[in-house]
Amino acid sequence: WYQRRVREAVVSTQSTGNKDRPGGGRRDGPLMGLLNRTSGYTFTGQSDTDIVRKIKERLCYVALNPSVEEKYLLKKEYTLPDGQLVNVNKERYESFEVLFQPSLAGHEFEGIHKTCMKSIQQCEIDLKKPLYSSIHLFGGTGKARDMDLRLKRELKNITPPNTKITVSVYSKHHDVWLGGAALGEQDTLSLWITKHEYNEHGSVAVHEKYRKF
């Protein structure tokens with residue numbers, strides 16, 4: 001995941017948090033790993049990746065209270081293209097839980113709520129209040145059911161009692177392109193990846209470039 005501080009439509013490279021996604025860069029990696037261990041079916045190729053993505057979008061969600069979630073969990077089945085049924089139980093919420101507890105997937109870095117808090121705390125004191133009240137989630141994972149509520153709850157647990165926290169989800173289908181258009185109007189050449197860089201390194205160039213900020 002990537003965190004960026006934006007002030008008056010200007011992207012700042014200060015106070016950022018960059019982490020490789022749990023799952024080796026694949027947004028559905030955690031769910032695929034969980035299903036491979038528990039469903040009795042092995043997901044491997046690109047076509048299986050598409051299936052896992054659909055399972056995630058239709059059945060998975062973010063648990064507001066993971067410690068008691070299993071007691072009230074409704075088990076679901078998903079029909080594969082070949083007609084087989086796959087049981088999706090705890091995986092429905094565990095696939096997102098690694099964002100808040102990366103250690104579940106063997107990672108040593110902190111969850112998104114803590115990196116978000118630390119990113120804001122590193123800012124100038126007059127910016128902390130407006131930043132806490134304007135946290136925005138973008139991308140497919142950000143649109144997961146109850147992601148905004150869970151992030152707000154976790155932030156409430158680690159910030160001062162009177163901190164006003166607002167988390168909103170940007171659900172426009174073209175939000176990434178709109179953001180790119182806004183970024184393109186600014187003097188941010190150092191953030192761009194050239195066609196030569198992409199042809200030489202592929203998508204790895206994206207992670208290598210932004211890891212510096």
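User: What does "buried" mean for a residue, and what share of this chain counts as buried?

Analyst: Buried means under 20% relative accessible area, exposed means over 50%, and partly exposed lies in between. Keep in mind that this is a predicted model. Of the 213 residues of the chain, 37% count as buried. The accessible surface comes to about 13,300 Å². Carbon and sulfur atoms hold 52% of that surface.

User: How many helices and strands does the chain have?

Analyst: The chain has 11 helices and 6 strands. Next, look at contacts between residues at least 6 apart in sequence. Of these, 56% join residues at least 24 apart.

User: Which residues of α2 are buried?

Analyst: Start with the general idea. An α-helix has 3.6 residues a turn, so residues three or four places apart point the same way. Now the case here. The buried residues of α2 are Asp48, Thr49, Ile51, Val52, Ile55, Lys56 and Leu59. Looking down the axis of α2, these buried residues fall within an arc of 160°, so they line one face of the helix.

User: What does the face of α2 turned away from its buried side carry?

Analyst: That face carries exposed residues: Gln46, Ser47, Glu57 and Arg58.

User: Which residues are buried in α6?

Analyst: Helix α6 takes in residues 125-132, and Leu127, Leu131 and Tyr132 are buried there. Seen down the axis of α6, they fall within an arc of 120°, so they line one face. The other side of α6 has Ile125, Asp126 and Lys129, which are exposed.

User: What about lysine 118?

Analyst: Lysine 118 forms a salt bridge with glutamate 110, and their closest N and O atoms are 2.8 Å apart. Lysine 118 has 39% relative accessibility, so it counts as partly exposed. Glutamate 110 has a relative accessible area of 31%, so it is partly exposed.

User: Which residue forms a salt bridge with glutamate 97?

Analyst: Arginine 150 does, with the closest N and O atoms 2.8 Å apart. This pair links distant parts of the chain. Glutamate 97 sits in helix α4 (residues 91-97), arginine 150 in helix α8 (residues 147-158), and they are 53 residues apart.

User: Are glutamate 97 and arginine 150 buried or exposed?

Analyst: Both glutamate 97 and arginine 150 are buried. They also belong to a network of salt bridges that links Glu97, Arg150 and Glu154.

User: Where is glutamate 69, and what is the nearest side chain of opposite charge?

Analyst: Glutamate 69 lies in helix α3, residues 66-72. Glutamate 69 is buried yet has no salt bridge. The nearest side chain of opposite charge is arginine 145, 6.0 Å away. Leaving out residues up to four places away in sequence, glutamate 69 touches Tyr61, Ala63, Leu64 and Tyr93.

User: Where is threonine 163?

Analyst: Threonine 163 is in the loop between α8 and β6 (167-169). Its relative accessibility is 15%, so threonine 163 counts as buried. Not counting residues up to four places away in sequence, threonine 163 touches Tyr132 and Lys156. The C-alpha atoms of threonine 163 and lysine 128 are separated by 9.6 Å, and the two residues are 35 apart along the chain.

User: What is the phi of aspartate 146?

Analyst: Aspartate 146 has a positive phi of about 70°, although it is not a glycine. Aspartate 146 lies in the loop between α7 (139-142) and α8. At 22% relative accessibility, aspartate 146 is partly exposed.

Note on methods: Residues numbered from 1 in each chain as written. Predicted model: local features only at pLDDT ≥ 70, side-chain atom pairs only at ≥ 80, totals over all residues. Heavy atoms only, no water. Helix = DSSP H or I, 4+ residues; strand = E, 2+ residues; numbered from the N terminus. Buried < 20%, exposed > 50% of the residue type's maximum accessible area, 1.4 Å probe, protein only. Lys, Arg positive; Asp, Glu negative; His and termini not counted. Salt bridge = Lys/Arg side-chain N within 4 Å of Asp/Glu carboxyl O. Contact = heavy atoms within 4.5 Å. Arc of directions from axis to C-beta. Areas by Shrake-Rupley, 256 points an atom, 1.4 Å probe, with all protein chains shown as cover.
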